[in-house]
Structures are given as C-alpha cells and as structure tokens.
Amino acid sequence: MKLIVSNVSGIPIYEQIKQQIKSAILSGELKEGEALPSLRTLARELKISVLTVTRAYTELEQEGFVNNVQGRGCFVMGKSSQLIREQLICRVETHLTEAIKASRMAEMPAEELHHLLDILMEENIDG
Amino acid sequence: MDNYLEVRHLSKAFPEFQLRDISFSLPPGYIMGLIGPNGSGKTTTIKLILNMLKRESGEIFLMGMDNLTHEKEIKSELAVVFDSNCFCGDWKVSQIENYISVFYKNWNSGTFSRLIRSFQLSPEKKVSELSRGMQMKLMLACAFSYGARLLILDEPTSGLDPVSRDELLTILSRYIEDGEHSVLFSTHITTDLERAADYITYINDGSLFFSGEKNEFLDMFRLVKGGPGELTGELKSRLLGLRIYSTGFEGLIRTEDLKLFSHLTAESPAIDDIMVFTNQKEGAL
C-alpha cells in the first residue's frame, strides 16, 4: 500500500493517512484481516508524531474500517462490515444526486437517465 | 505506568522574571516540545526539573519519583543534552566512554560502540574537532548507552544545519518507537516540532499558555485574512493578534469564534504563527 503525506496540501496529516488507507480498503488492495503498518513504525518512517497516526487509526476504527486489537495491531475489517457498506451506499447516493442535478440542467427526461444507467451498468459489468 | 514526567504548579521568582504555576505531564512513549520565545522560561523550567535551580513551590515527579528526595535514582533513568558541548574539548571520542561510564551502573559498552559507528563518529577525533552536529550525536550516544527512559534536550537544534536537524529528529523518533522512552525537547525552532512532536507545552512570559496534544493545539486557532474594509470592531475584539498592511490584514482567532466571520479566508496556522501572534506587544504592528 502506498502512503504518502504532504505538508502543503492544507489537509491535516491524520486525514491524509485516513483517506489513503480507506481507499486502499475500498479498492480491495488491503484485504480483510490484513494488518495495518505498526502505528509507531509508521510514525517514525513518515517522520510524523505517534499521536497523529493514532488519531488516523482511531477514526478508521470508529468508521468500521479496521479493528484495533490491543497489543496486537490494527486489522482490516471485511468490506461486508455494515459501517463500510453504509459509507459506500452514501457514496452512491451522493454521486447519483450529482447525476440527477446534471441531468436536470441538461433537461434530460428521467426515462433517459434510467436508460443511461442501465447502459453504463452493462458496460461495467465486470468492474 | 504513570507519567514519566509530571510538573504540578511549579513556581519560581527571580528579581526580573517569574515562572508562575506551570503544570504539565508527559506519558511514556511520546515526544513533547517545550516552546516559547527567548526568555519565556523554558530553560528555567528544565533546570527546575533537574534540580539545578531550587523551586519555590509546586511538585515535580520523574518516573513517579519526587525529583528532590529521589534525585540519584531519577538521574540514572534520565538523560540530558544541553545546547552546548559538555565534554572536555581535548578528549578523544574513543576516550569518552572511560571517563563517563563510571558514573552509570547500567552502562552498556556494546550499545555505545554500536551508536558511535552508526552516528559515524571517528574514534580518533578530539571533541573540539567535531562539528556541532557531531558533538550533539556524541552526547546522544552517551545518553542512550545507560538505558535512560526519559531524554531532556534544551535547544538541541539551534545552531544545527537542516541535515543534522533531520538526523536528530530521526534519532528521536527511533528512540521512542518502542513506546517505553519519552523525550522533552525545548526549542524555538518550531518547524522541527511541526511533524515529530506529540505534545506541546507552550510557556509565554513565565506562564503556561497551553499544554496538550499538538494536533489539538493547532486545531484551537485559525489564521484569518481579509481586505482593509473587513476588519470590523467586532472582529478586532476577538483577534488574539493582528497585523495590518496596506491592502489587508491577517490575524489569529480562536477556532470557535471563526463561525462569526465565515466570509473571511481562514487557514490552519503553523506553530510559529501562533507564537508570533500571541506575543505581539500592545500597539506594535
């Protein structure tokens, strides 16, 4: 898994780490049961504070992406985790809402939008 | 395990300077930066912790022990590095161990030679021939060779070039990696702390301004910027510090006050910004 931090992005470092781990989980790059890098080793390697990594890992746990086992490490939860599913559904809703807004601007009838969704789903059947 | 360092209501008065009611604590496994402008009381605080100055009131515990009644036990668990070289300039690197090790019952010769090698200190060189960065590494090698669990550094990075500063920070983060060592680190070069420190203790003019997690410290404030017309009386009264220039202004505000001025550009401050804006003298711009 690639993990990089930027000092100039304006996004807090713990948030950057969180986002990158999240997308690695959602994309399947990090599999269920896999361990995240040790908190203290990651802090040393990225030259950031231990508490910054702790915050990222704690928030990932609260959102249901990982499970923190005291003394053993942080492990990736399955994508089937209810919380992760909810997050994904939420993402679908956001993007569909965007699509609806755009279709209204384009004065596209609802039927056409439904049809377009069907076509796209068929095209992306393997993805 | 309790906190490695615990300072409670520490006070000390000098004819021209007073340290007032300083309290903070450092748990095992973390780095704390002690910050403040020159003359704010950082070194006084460190000297009081080390019992190099006599405190007037308050309590100090190191490894859970009172720093006055258990001074000897504490000092075998504690390493201190000041900003200036503490060894005789004529000593060779290879001789240092003979002179120093007798004072520590836990001295580990193997660790010392390993560190000398990994810090690339040449054994035949005299202390006076070493650069600032190398002298610092020599002091750290000694400090790490008797198993000290708490390392206190006073202005370690002033006078070091960026390469040596980076090396020092790498050494420190490796030191705390196992979760059983901690570092208290005073500095006014706050970019060093921006990434590596877990906790910040900010002393300003002898009083405690903040002590807690660094991320929380940075989250407490925002830097707001705007054009000349946007600086209202209401805003001015909320700003902790302000700089006005011909085409606009910038100031520091508490994050909770920001919602009153949502139309302004706001950004996260650096530790330096917070120090600069909270240290403005009345009327000075």
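**Chain B and what it touches**

Hi everyone, let's start where two chains meet: the contact takes 16 residues from chain B and 13 residues from chain A. Please keep in mind that this is a predicted model.

Which helices of chain B supply at least two residues each to the side that touches chain A? They are helix 6, which spans 162-176, together with helix 7 and helix 8. Helix 6 of chain B gives the largest share of that side, with three residues. As for the kinds of residue on the side of chain B that touches chain A, seven are charged, five are nonpolar and four are polar.

Now let's stay inside chain B. It is divided into domain 1, covering 5-217, and domain 2, covering 220-278. Taken over C-alpha atoms, the centres of these two domains of chain B are 35 Å apart. The domains do touch: nine residues of domain 1 are in contact with six residues of domain 2. On the domain 1 side of that contact, helix 7 (191-196) and helix 8 (214-219) of chain B each give two or more residues. The domain 1 side that touches domain 2 has five nonpolar, two polar and two charged residues.

Last stop, helix 1 of chain B, residues 42-49. Is this helix mostly covered or mostly open? Mostly covered, with six of its eight residues buried. Those buried residues are B:K42, B:T44, B:T45, B:I46, B:L48 and B:I49. Just after helix 1, have a look at B:N51, which takes a positive phi of about 60°.

Key. Residues numbered from 1 in each chain as written. Chains lettered and ligands numbered in written order. Predicted model: local features only at pLDDT ≥ 70, side-chain atom pairs only at ≥ 80, totals over all residues. Domains from an automatic or database assignment. Contact = placed C-beta atoms within 7 Å. Helix = DSSP H or I, 4+ residues; strand = E, 2+ residues; numbered from the N terminus. Nonpolar A, V, L, I, M, F, W, Y, C, P; charged D, E, K, R; others polar. Buried ≥ 20, exposed ≤ 12 C-beta atoms within 10 Å, placed from the backbone.
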